[in-house]
Every structure is written in C-alpha cells, then in structure tokens.
Amino acid sequence: ILAHIRDFGDVQFTDSWVGFIGQQVWIEAFAVQSVGPLAGDSVEYRGVTLDGVETPWLSNQVLCGSRGRGIPLAGFAVRLKADAADRYLCTYSGKFGSGASVGPFDTGELCCSTVPGDPLEAIELHVAERGGCWA
C-alpha cells in the first residue's frame with residue numbers, strides 16, 4: 001500500500017500497519033497496489049476526507065484522497081471484487097489521531113472513528129484465502 005502521509009509524503013508499506021501510529025501524522029491518501037496473492041485491480045477501496053468528501057470506489061493503484069492539500073482522511077473502506085471475494089476474505093481496521101482503534105471490517109463498511117474530526121493515522125489490511133492462512 002502506498003500512503004501519502006502528512007510531513008512525510010508518499011511512503012510505501014508492505015506489511016503490518018500502514019502509517020505511523022501515535023505520531024500525530026495523518027494519512028491524506030492511499031492506493032492499494034497489491035494484497036498478498038491479489039493484484040491491485042481485485043481490491044476496491046474508497047475514502048472520506050475530514051471535510052466530508054467521499055471518493056468513489058477505486059482500484060488499480062489509483063490514489064484515494066488528496067496529495068499535498070493537508071486534508072486528512074477521516075475514514076476508508078475496502079472490498080474485493082466478486083471474482084476475488086469468492087476465494088478470499090479481506091479484513092481491515094483503522095487507528096485514528098484520538099487513539100481510537102476501529103475494526104476489523106470485512107464487507108466494504110466505512111471504517112471511521114466515533115470521535116468527530118478524528119484523522120486517520122493508520123490502516124491495517126489482511127487478505128486470506130477462505131479456509132487458509134493470512135497473507
């Protein structure tokens with residue numbers, strides 16, 4: 001996952017949490033490049049910015065959010081396209097500036113804090129083959 005992070009710019013993450021938990025630097029945008037055995041076009045994602053703008057569902061490494069505008073994401077969602085969802089399970093969670101930890105979700109539900117104005121600090125995304133181990 002590529003994330004555009006306040007004060008850091010674009011940062012590539014390959015495992016565990018995407019972002020810098022507890023550092024008070026928020027995620028402004030992200031793009032899923034691949035998840036385990038799935039190519040980026042099998043995974044769809046969307047975001048909601050702190051100023052309320054919702055992105056459409058995106059895939060194929062398209063950046064979700066904004067770059068360089070200083071507007072954090074307040075929430076995000078991830079889902080698998082139908083052909084991948086039959087074979088894989090995708091779960092995701094988020095951590096927020098307030099310290100709130102939300103999730104896991106697995107059906108494309110919006111992951112956001114219950115604290116108003118709480119910027120997204122980190123994303124965790126897992127994909128596993130149904131009946132298999134986590135990727």
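How many aromatic pairs does a search of the whole structure find? I opened the notebook with that one, and the search returns 6. I keep in mind that this is a predicted model.

**Entry 1: aromatic rings**

The tilted class takes in what falls between under 30 degrees (stacked) and over 60 (edge-to-face). Y92 belongs to strand β10 and F105 to strand β11. The two residues are 13 apart, and the pair links distant parts of the chain.

The cut-off for buried is under 20%.

**Entry 2: the nonpolar core**

Next I looked up the largest nonpolar core. It has 33 residues. F30, Y45, F76, V78 and Y92 have the most contacts inside it. Which elements give two or more residues to this core? I list β1 (2-5), β4 (27-31), β7 (43-49), β9 (73-80), β10 (88-96), β11 (101-105) and β13 (120-129). The largest share, 5 residues, comes from β9. As background, nonpolar side chains tend to be buried together in soluble globular proteins.

**Entry 3: charges over rings**

I checked for charged ends placed over tryptophan rings. R6 has its charged end over the ring of W26, 4.4 Å from the ring centre. R79 lies over the face of W57, and here the distance to the ring centre is 3.8 Å.

**Entry 4: strand β1 and its sheet**

What is the order of the strands in the open sheet of 4? I read β2-β1-β4-β8, with antiparallel pairing. β2 and β8 (64-65) are the edge strands, and each has a single partner, so one side of each lacks a neighbour in the sheet.

I went through the pairings in turn. β1 and β2 (residues 9-12) are antiparallel over 4 bridges. L2 has Q12 of β2 as its bridge partner. The hairpin of these two strands has 3 residues between them, and D7 takes a positive phi there, near 70 degrees.

β1 also runs antiparallel to β4, joined by 4 bridges. In that pairing H4 stands opposite A29. β4 is joined to β8 by 2 bridges, again antiparallel. A29 stands opposite G65 in β8.

β7 and β9 share 7 bridges. Across them, V43 stands opposite L80.

G47 is in strand β7. What does G47 touch, leaving out residues up to four places away in sequence? I found V53, E54, T55, C64, L73, G75 and F76. At 0% relative accessibility, G47 counts as buried. I also took a distance from G47 to R87, which is 40 residues away along the chain. Their C-alpha atoms are separated by 25 Å.

**Entry 5: the whole chain**

Last, I stepped back to the chain as a whole. It holds 1 helix and 13 strands. From the N terminus, the elements run β-β-β-β-β-β-β-β-β-α-β-β-β-β.

How does the chain's radius of gyration stand against that of a compact globule? A compact globule of 135 residues would have a value near 14 Å, and the chain has 14 Å, which agrees. The C-alpha trace spans about 40 × 25 × 25 Å along its principal axes.

I noted burial too: 50% of the 135 residues count as buried. Among contacts with a separation of 6 or more, 55% come from residues 24 or more positions apart.

Technical notes:
Residues numbered from 1 in each chain as written. Predicted model: local features only at pLDDT ≥ 70, side-chain atom pairs only at ≥ 80, totals over all residues. Heavy atoms only, no water. Core = buried A, V, L, I, M, F, W, Y, C linked by side-chain atoms within 4.5 Å. Buried < 20%, exposed > 50% of the residue type's maximum accessible area, 1.4 Å probe, protein only. Pairing = 2+ DSSP bridges. Phe/Tyr/Trp six-rings, centres within 6.5 Å; stacked < 30°, edge-to-face > 60°. Lys NZ or Arg CZ within 6 Å of the ring centre and 35° of its normal. Contact = heavy atoms within 4.5 Å. Rg over C-alpha atoms; globule rule 2.2 N^0.38 Å.
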